[in-house]
Amino acid sequence: MNFSFSDDQVLLKNSVRSALDEQCKPAHVRAMFDDTRGYGEALWSEMAKLGWLGLPFPEEHGGAGLGLVELGLVLEEMGRAAYPGPFFATVVLGGLGILLGGDAAQKDKWLSAISAGKARATAALLEEHLDWDPASTSATAEKSGTGWTLSGLKRFVPWAHVADVVLVPARSPEGLSLFLVDPKSAGVTLSPMVGIDLTNRWSEMRLDKVAISADAILGQPGSAGALLDSLLRRAAVMSSAEMLGAARRCLDMSVEYVKVREQFGQPVGSFQAIRHRCAEMLLEAENSHAAVYYAAWALTAGAEDAAVAASICKAYVSEAARKVCGDAIQVHGGIGFTWEYDLHLYMKRAKALEPLFGDVQFHRELIVRHVTSAR
Amino acid sequence: MDLNYTPEDVAFRKQVRTWLEQNLPKEVRNLEERRAWHRKLYDAGYLGMGWPKEYGGGGARPMEQAIVADEMAKANAPAPTNSLGLGIVGPTIVVHGTDAQKTRYLRKILAAEELWCQLYSEPNAGSDLAALKTSAVDAGDHFVVNGQKIWTSGGAIADWGLLLARTDTKVAKHKGISCFLMNMRQSGVDVRPLKQITGSSEFCEVFMTNARVEKSDQMGKLGEGWAIAQTTLGYERGGRALARITNYSSQFTRLVEAAKRLRRHGRPLIEDPVVRQKLGRIWSEIEVERYQALRTLTFLERGEHPGAAGSLTKLSYSEFEKRFMELALEILGPYGQLTQGAPEDFKLQIDTAVGDNGSWAYAYLWSRAGTIYAGSSEIQKNVIGERILGLPKETRADRVGGKA
């Protein structure tokens, strides 16, 4: 039993931290607000070189063969830096989806390209009613020759505008299936959805009789339910790692600020009203750390409680990050409410992730189903 | 990172479980039976496990201690006695005591031949412990102690007390305090049970009137009492880390069972989405406490002392426990308030510190104590702010002039 990072894991975390400190400063984050693609290609190539893009993929596909603890460490740092770009969409949503459900040829094609920095991927997991239960999917896949034609409306598809491939769940005659769709295909219309978090880009994705070839399906037709459940759990935990990083940044900034900001002739951090709030923020960050890395380990190790640990993680961290980031604005006072101060970059990053991959209530219901059936 | 238990720990757990199955007493009706149970546990090597071997301890790893406590919680085993002797006084003597004190006291603590209490808090020295006024005056061959202590856990059964008393009123308040070992069985010591909101008396008030402390029972140098107290407050070794979660978990199971039986608007409570959300929240928090317990044990196993991080642990579980018990009583309705006559399905069986059978009502009321004793939540937050986050100290009336 050892709940601490190995030397290699600490090394990885430190190297990600220093690379992002150097290349993903707040000025870079802000510069990407108005960029058409929304991210920097130079940093993307650098991430390929550093091995981050292939981190969880097998070595035969150009990856490092590491687990979700390591990927979580990278994503925590990305949340901390408010890294703008399709890393999460590509590596977690697209990459892990293909890793979990793809055949040898699909993995060879996509995972190698992703690891090398040559392809971007994402997944369209949400429709207009915002139900994260894969069983609620209403997009359809009709048989057409040896392949299918897909129709439906997907929303909040992260980074679809720069993706080379989108994983799209749809109902085929056999049941729920997961397809690989080129977003430049005829019949696909993307329209931007702009949220408060300008470090993330979403699209609405309309599919109107989009032709899909026979080899562009992940796994057997009708068998995508379990695959999507697995993917959703991984996305829930990995997005929690980002929220944790954002919360840590907000806490660090708050602590530094209240040490130097003076009112009534003394640093405001000497007042218990402020200090106690900061202590509560630290407690929430530490508990979130435990929830994230326990779940990341459990999913990687295939532990018995992996599924419920993933739900516990997302439910806990979503609320904790909201509190920490919100309290950070409060202890900063007025300056925390200005556009030019960087706090809102991290606060909005966490806020945008809070309802994604199952919100607090979605996961609490899964937790209760688990504890009332297992007991 | 590997959160599986090692094969050695799994085997050890099995060994403890088997031993408990064979040796668990049916019930413990009085102090003598509890003492006998205590000795049985000690003889089996399951008490004083973390103490150094040379003083009769087991030299065991923190994980082994946590596993024993956890298996005892799973078996609903009665608690041993002398918890302050084992947890606080003994380790303090090991670090600060003279050879004579070690020889005289340590083995009797382990065997529960002498029971101990801790004489720290006073009516006007709670969170501000250093404001204590009990005095110890040098009378040549001994000290004469006068004053009043409160919140003395186990005071009614204690043979000895670890005492903080003022020996110098002319220096800053933290520097005038000394530490003593005081015989409780003397005419100058009057112990009165303190009845709490639970109706029970886990704590006592202790009145000292010209009580005698031998010179040989002074611990450390005069004026070192505060520093010694700081180390004793840090002796929480994570031994209860897993057992605490096991208790929460079995209480949660009882609560879910109750929610299946109770109804509102004709439907079982367990089908009510609001109730489900609240249960889901509490279960998440129990599990997060468990993950954190594993993290604490990782630190301890590496020989690192959690230090101020212990304040985070204590703040976290004590505040959680209040939320948990508030939900329990919300779900249980008036059943939750019963101290007698509760139907079997709505009873809670817990071992209270004084050996009475517990109830949900008792557990609810008791949860209010956790955020006050051993450093209130407010004090823990001060410690976290100052020692972990490095925030500036507040301006305090007793620090003005720079004396303290």
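These legends walk through several close-up views of the predicted model shown above. Residues are numbered from 1 along each chain as its sequence is written, while chains are lettered from A and ligands numbered from 1 in the order in which they are written. Because the model is predicted, local features need pLDDT of at least 70 and side-chain atom pairs count only at pLDDT 80 or more, whereas totals for chains, interfaces and linings use all residues.

**View 1. Where chain A meets chain B.** Let's start where the two chains touch: 40 residues of chain A are in contact with 41 residues of chain B (contact means that the C-beta atoms of two residues, placed from the backbone, lie within 7 Å). On the chain A side, at least two residues each come from helix 7 (224-260), strand 10 (266-267), helix 8 (272-301), helix 9 (306-332) and helix 11 (360-374). Helices (H or I, at least four residues) and strands (E, at least two) are DSSP runs, numbered from the N terminus. Helix 8 of chain A gives the largest share of this side, 14 residues. By class, the side of chain A that touches chain B has 23 nonpolar, 11 polar and six charged residues (Ala, Val, Leu, Ile, Met, Phe, Trp, Tyr, Cys and Pro count as nonpolar, Asp, Glu, Lys and Arg as charged, and the others, Gly among them, as polar).

**View 2. The domains of chain A.** Chain A is assigned domain 1 (7-119), domain 2 (123-222) and domain 3 (225-374); such bounds come from an automatic or database domain assignment. The C-alpha centres of domain 2 and domain 3 of chain A are 29 Å apart. Their contact takes 15 residues from domain 2 of chain A and 14 residues from domain 3 of chain A. On the domain 2 side, these are 10 nonpolar, four polar and one charged.

**View 3. Helix 4 of chain A against helix 8 of chain A.** All along helix 4 of chain A the residues are covered: 14 of its 14 are buried (buried means 20 or more other C-beta atoms within 10 Å of a residue's own, exposed means 12 or fewer, and partly exposed is in between, with C-beta atoms placed from the backbone). Helix 4 and helix 8 of chain A pack at an angle of about 145°, with axes 8 Å apart. Here axes are lines fitted to C-alpha atoms, for helices over the stretch in contact, and angles run from 0 to 180 degrees between N-to-C directions. A:L68, A:V69 and A:G72 of helix 4 meet residues of helix 8 including A:Y293 and A:W297.

**View 4. A strand pair in chain B.** Strand 1 (residues 116-119) and strand 4 (residues 160-166) of chain B run parallel, joined by four bridges; strands pair if DSSP finds at least two bridges between them. Look for B:L119, which stands opposite B:L163 in strand 4 of chain B. From strand 1 of chain B, B:W116 and B:Q118 point one way and B:C117 and B:L119 the other, and all are buried.

**View 5. B:S127 in its loop.** B:S127 sits in the loop between strand 1 and strand 2 (135-138) of chain B. Is B:S127 buried or exposed? B:S127 counts as exposed because it has 12 C-beta neighbours inside 10 Å. Leaving aside neighbours within four places in sequence, B:S127 is in contact with B:S376 and B:I379. Although B:S127 and B:S376 are 249 residues apart along the chain, their C-alpha atoms are separated by 7.1 Å.
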